Amino acid sequence: MQVDFRSREVTLKLVYYGPSQSGKSSNLRALQDRVAASHRPRLITLDANDDRTLFLDLLPLSIELGEVTLRINLYTVPGKAELSATRRLVLRGVDGVVFVADSRNSATRSNAESFVDLKQNLRDIGRALKDLPLVIQFNKRDAFDVRSDEELCALAQRGSEPVLRAVAPRGEGVCETFTTLLEVVFARLDAAGELSRTLRLSPTQLLELVSKTLALPSAIAGARIGDARS
Ligand SMILES: Nc1nc2c(ncn2[C@@H]2O[C@H](COP(=O)(O)OP(=O)(O)OP(=O)(O)O)[C@@H](O)[C@H]2O)c(=O)[nH]1
Ligand SMILES: [Mg+2]
């Protein structure tokens, strides 16, 4: 979290990470379509000519909270294996990560490799994955030959981080993933005393304000795996 006292701005950096073509950019596009028109930002993208992200995408959200502006900058990294140095650059100063996994059985290995790459890149910039708010999204639930719900459920029960299902181009699970990450990030900042110090809001109040301002659904319905609400 970056706090600029002079301009009264608090900035959060959230990064969508994952293997090549898992649907990271699709998440940002779908989210852009779904936030309230009054708050819809431009999506800044840098693509190669084959639609693959070359450097990053950035969706800069901005919410007025009385005297303070909360900026939530959402980034994607490029998934191509050889672009690890670029991913490391994008991770600098990160406050939370969505790991967008590809649900297809054929992608199990590339998911695992990308997860190792995430851990290594964080380590290289002096951060540890276990100390970072993390949400895992299993995207492409509509594809043929995907890992079963039972398998994802077992996976969700093994770890402590939230796991969600998604079909990003249709927007399914996209807002839920974003608000779930916000929930974890706000809880973490609150525990560190940062929220009360800078925004004077509880995590619940802040999440409600952000969801309402951006017109995002506040209830996580159906997308979260292994959750009583799903
Ligand atoms: N069927 C299906 N296709 C998807 C889904 N999500 C993304 N795609 C498709 O997969 C391709 C890659 O999607 P992107 O969002 O560009 O993936 P990315 O992770 O940003 O890819 P890189 O930037 O190259 O790492 C596109 O053709 C998408 O339309 C999904 O949930 N279901
Ligand atoms: Mg991309």
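Visitor: What makes E2 and strand E5 (residues 68-76) count as paired, and in which sense do they pair?
Guide: This is a predicted model. Two strands pair if DSSP finds at least two bridges between them; E2 and E5 have 8 bridges, in the parallel sense, so they count as paired. Within this pairing, lysine 13 stands opposite asparagine 73 in E5.

Visitor: Why are E2 and strand E6 (residues 96-102) called paired?
Guide: The requirement is at least two bridges. Tyrosine 16 is opposite valine 98 in E6.

Visitor: How do you know that strand E1 (residues 2-4) pairs with E2, and in which sense do the two run?
Guide: They are joined by 3 bridges and run antiparallel; at least two bridges are needed, so E1 and E2 pair. Valine 3 has valine 10 in E2 as its bridge partner. The two strands form a hairpin with 4 residues between them, and arginine 8 in that turn has a positive phi of about 55°.

Visitor: What makes strand E2 (residues 9-17) mostly covered?
Guide: A residue is buried if 20 or more other C-beta atoms lie within 10 Å of its own. In E2, 7 of the 9 residues are buried, so the strand is described as mostly covered.

Visitor: Which residues come nearest to ligand 1, and which helix gives the most to its shell?
Guide: Gly23, Ser25, Ser26, Thr53 and Gly79 come nearest, out of 21 residues around the ligand. Helix H1 (residues 24-34) gives the most, with 3 residues. The shell divides into 5 nonpolar, 11 polar and 5 charged residues.

Notes:
Residues numbered from 1 in each chain as written. Chains lettered and ligands numbered in written order. Predicted model: local features only at pLDDT ≥ 70, side-chain atom pairs only at ≥ 80, totals over all residues. Near = placed C-beta within 6 Å. Nonpolar A, V, L, I, M, F, W, Y, C, P; charged D, E, K, R; others polar. Buried ≥ 20, exposed ≤ 12 C-beta atoms within 10 Å, placed from the backbone.
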